[in-house]
Amino acid sequence: EVENGDVIKWQYTCQLGEDIGDSYYQGSLSSGNDKTDDENTEEKEEPEEPEEPEEPTEEKTEESERKEFSETTFSDVKSDDWYYEAVKYGYENGLMQGTEKGFEPNGKMTRAMLVTVLYRLEKAESNGAENTFTDVPDGEWYTDAVIWAKENGIVNGITETEFAPNDNITREQTVTILYRYAKYKGYDVEVSAELSKFSDMDEISTFALDAFKWAIESGIINGTSENTLSPKDGATRAQLAAILMRFCEREWTK
């Protein structure tokens, strides 16, 4: 039974057996030196194409899995879920992948995860910049992404020497990082929404205020209700997928 994530590899050979009469037998039916010219040159000829369609290699299989999403890709993401299209977009564009438990739409999104998503979106590469965070070890899956983001002013640490990669990222941290990434890309970030209708606007940290105004006006985020922003709440993986899809599909001006 084939399950999601399995890789099927087909291997073709010129000879699977040497018994005369075997359907894969490629040798002469006679003994001695009675081979015809065609038989003598057989070794130099390209083998016939198999009748079956060529199966993709492992690399191609992984690529096709990354590009094709369906209701069976993750057991915890169904077509009638509000986040289905967002998860599909993130998966097919190589921005978000699953975990060992599925996609975990209600699971926490960490600071390292968001930075890694933007690193993939940018298709960036490590430039050998110095790692200034003591809690970001060398060789972790997020190390290069964090170094890149810090080097380009997209993130700051929670202190000068700590990044807190495994902390659940808050909504205000999310919009701030996206705001800085938009600046890095040269997008117009001058649009600004009035936040007075939100009863919890006073809970927004000073560093995130402009980012929230930009994100609301740009349609990147919505409130958690008609009059709340919940800036200190953690962002789930499903929420982040939706935010990323809105960010990526928006036509930005520079």
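Is Lys185 buried, partly exposed or exposed, and what is the relative accessible area? Lys185 is partly exposed, with a relative accessible area of 26%, where buried means under 20% relative accessible area, exposed over 50%, and partly exposed in between, using a 1.4 Å probe and protein chains only.

The close-up views below come from a predicted model, in which local features need pLDDT of at least 70 and side-chain atom pairs count only at pLDDT 80 or more, while totals for chains, interfaces and linings use all residues. Residues are numbered from 1 along each chain as its sequence is written, and side-chain values use heavy atoms, with hydrogens and water left out.

**View A. The salt bridge between Glu122 and Lys185.** The side chains of Glu122 and Lys185 meet at 3.1 Å, N to O, in a salt bridge, defined as a side-chain nitrogen of Lys or Arg within 4 Å of a carboxyl oxygen of Asp or Glu. This pair links distant parts of the chain, since Glu122 belongs to helix 4 (residues 111-122) and Lys185 to helix 6 (residues 171-185), 63 residues apart; helices here are DSSP runs of H or I with at least four residues, numbered from the N terminus. Glu122 counts as partly exposed, at 21% relative accessibility.

**View B. The salt bridge between Lys232 and Glu172.** In this pair the closest N and O atoms are 3.5 Å apart. Distant parts of the chain are again linked, with Lys232 in the loop between helix 7 (209-218) and helix 8 (237-249) and Glu172 in helix 6, 60 residues apart. Lys232 is partly exposed, with a relative accessible area of 43%, whereas Glu172 counts as buried, at 5% relative accessibility.

**View C. The salt bridge between Glu92 and Lys88 within helix 3.** The closest N and O atoms of Glu92 and Lys88 lie 3.2 Å apart, and both residues belong to helix 3 (residues 84-92), where they are four residues apart, about one turn of the helix. Glu92 is buried, with a relative accessible area of 19%, whereas Lys88 is partly exposed, with a relative accessible area of 23%.

**View D. The contact of Glu92 with the backbone of Phe69.** The side chain of Glu92, a residue of helix 3, reaches the backbone nitrogen of Phe69 at 3.2 Å.

**Overview.** A search of the whole structure finds three salt bridges. Side chains of opposite charge can pair when their charged atoms come close.

Technical notes: Helix = DSSP H or I, 4+ residues; strand = E, 2+ residues; numbered from the N terminus. Polar contact = N/O pair within 3.5 Å; in protein donor to acceptor, adjacent residues only side chain to side chain.
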